[in-house]
Amino acid sequence: IGTLGVQFSRESIKNSALHFLATLILPASIQIILLTVIIIMIYHKAITRHLNKLSKYTKNLTTTKLHNTIELKRPTRKSTYDELDLLVESIDIMRENMILQLKKQHEMEQQLLRTKKMEALGTLAGGVAHDLNNILTGIVSYPELLMEEQPKGSQHYNSLKKIRDSGLRASAIVQDLLTLARRAVPSMQVLDLNTIIKEYIGSPEYIQLKQEHPEVAINTDLEQHGKMIEGSSIHLSKTLMNLVTNATEAINSEGTVTISTRFVPKEELKETFIGTKTDYITLTVADDGIGIDKDDLERIFEPFYSKKVMGRSGSGLGMSVVYGTMQDHKGEIDIQSKPGEGTTMTLYFPVTSLKRKEELKEEESSYKGNGEKILVVD
């Protein structure tokens with residue numbers, strides 16, 4: 001059908017290759033390079049720069065910078081979540097856990113420091129208290145004996161009564177010192193906390209407090225839960241009296257103090273009680289007074305620490321006695337206070353499964369005696 005003649009040379013092959021390179025390979029290479037650069041820029045803007053920021057944040061994260069949060073400047077997306085969001089959330093959780101752990105560590109260090117300080121002061125106070133008790137025995141007992149020989153209302157009777165009352169007030173402070181020193185071993189029995197509060201409401205100390213602060217309303221809100229605690233009625237009454245007195249004196253003019261109780265099952269306990277296997281009964285004393293500053297809040301349990309004006313009641317031992325009493329009763333204290341907004345103190349007492357014993361009342365004639373002599377051996 002015919003012939004085909006093909007002629008080629010090195011020059012023609014070279015020209016053909018250059019033409020192929022110029023028309024096909026070079027444009028394709030340029031397109032690939034531009035596409036790669038665009039992909040890298042997009043990846044850097046969307047991911048790499050955020051990863052660099054997260055890396056820099058974690059490297060510079062110290063205990064003093066834990067409150068600095070990290071935020072990635074990203075455009076608003078319709079999708080709800082991606083891997084970067086998960087990474088930021090994980091870092092935030094880690095940071096919050098570190099803050100919580102450091103807070104708990106600081107609280108434990110402060111508690112250990114407070115315990116050591118209380119132990120040292122308690123040892124000193126205990127020794128002084130026992131010596132003072134021996135001296136006060138004569139100051140209180142001899143005026144009582146002499147008062148029996150004087151007609152009531154006479155000048156000598158009133159003078160002796162003032163001596164005796166001064167000795168009793170000093171004796172009360174000594175008892176606070178013994179409680180602080182943890183040497184006054186409480187006599188534990190099954191108690192109803194509501195009964196302790198009702199007895200305090202009818203006590204002379206409460207009546208005197210109301211007379212001194214008539215503008216302050218003291219209300220009670222007692223939950224009838226029927227649960228019991230194991231404790232010392234004397235120490236619990238003194239604790240309640242200290243809390244109510246402090247709450248009342250924290251109110252400069254008109255105000256309200258509320259005494260309340262509540263049964264708290266272990267399922268509802270706060271974070272500080274996680275791991276406990278018992279229920280609690282709470283005693284709460286709340287006021288709308290001046291509140292407590294943060295610096296003072298950390299020192300209110302220190303012995304002899306007081307912000308009260310000279311001449312007002314208090315020896316600076318009230319909250320120390322409360323702290324010691326709660327230690328003896330295996331309880332916990334929660335304090336919520338802000339300056340100008342009042343203070344709420346909640347005491348947690350573990351519920352006991354023991355049954356309450358019936359108290360036997362003795363007639364006065366059964367222990368008054370008929371002139372017998374008593375030998376005391378010390």
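**Notebook: helix α6 and the cores**

I began with α6, and found that 12 of its 17 residues are buried, so this helix is largely enclosed by the rest of the structure; buried here means under 20% relative accessible area, exposed over 50%, and partly exposed in between, with a 1.4 Å probe and protein chains only. I noted that the model is a predicted one, in which local features need pLDDT of at least 70 and side-chain atom pairs count only at pLDDT 80 or more, while totals for chains, interfaces and linings use all residues. Residues are numbered from 1 along each chain as its sequence is written, and side-chain values use heavy atoms, with hydrogens and water left out.

I then looked up the extent of α6, which covers residues 233–249 and reaches 24 Å from its first C-alpha to its last, close to the 24 Å expected at 1.5 Å a residue (the expected span is 1.5 Å times one less than the number of residues). Among its buried residues I listed His235, Leu240, Val244 and Glu249.

For the whole protein I recorded nine helices and seven strands, which are DSSP runs numbered from the N terminus, helices being H or I with at least four residues and strands E with at least two. Buried residues make up 32% of the 378 residues.

Next I turned to the nonpolar cores, meaning sets of buried Ala, Val, Leu, Ile, Met, Phe, Trp, Tyr and Cys residues joined through side-chain atoms within 4.5 Å. The largest has 35 residues, and Ile218, Leu240, Val244, Leu283 and Phe349 have the most contacts inside it. Several elements give two or more residues to this core, including β2 (216–222), β5 (280–287) and β7 (342–350), but α6 gives the most, with six residues. Apart from this core I found another, of nine residues, among them Tyr57, Leu61, Leu66 and Leu84.

I checked the surroundings of Ile218, and, leaving aside neighbours within four places in sequence, Ile218 is in contact (heavy atoms within 4.5 Å) with Tyr206, Leu209, Lys210, Val244, Thr248, Val257 and Ile259.

I also looked at Ser260, which is found in strand β4 (residues 255–264) and counts as buried because its relative accessibility is 17%. With neighbours within four places again left aside, Ser260 is in contact with Asp221, Leu222, Thr282, Leu283 and Thr284.

Last, I looked at Leu18, which lies in helix α1 (residues 10–59) and, at 48% relative accessibility, counts as partly exposed.
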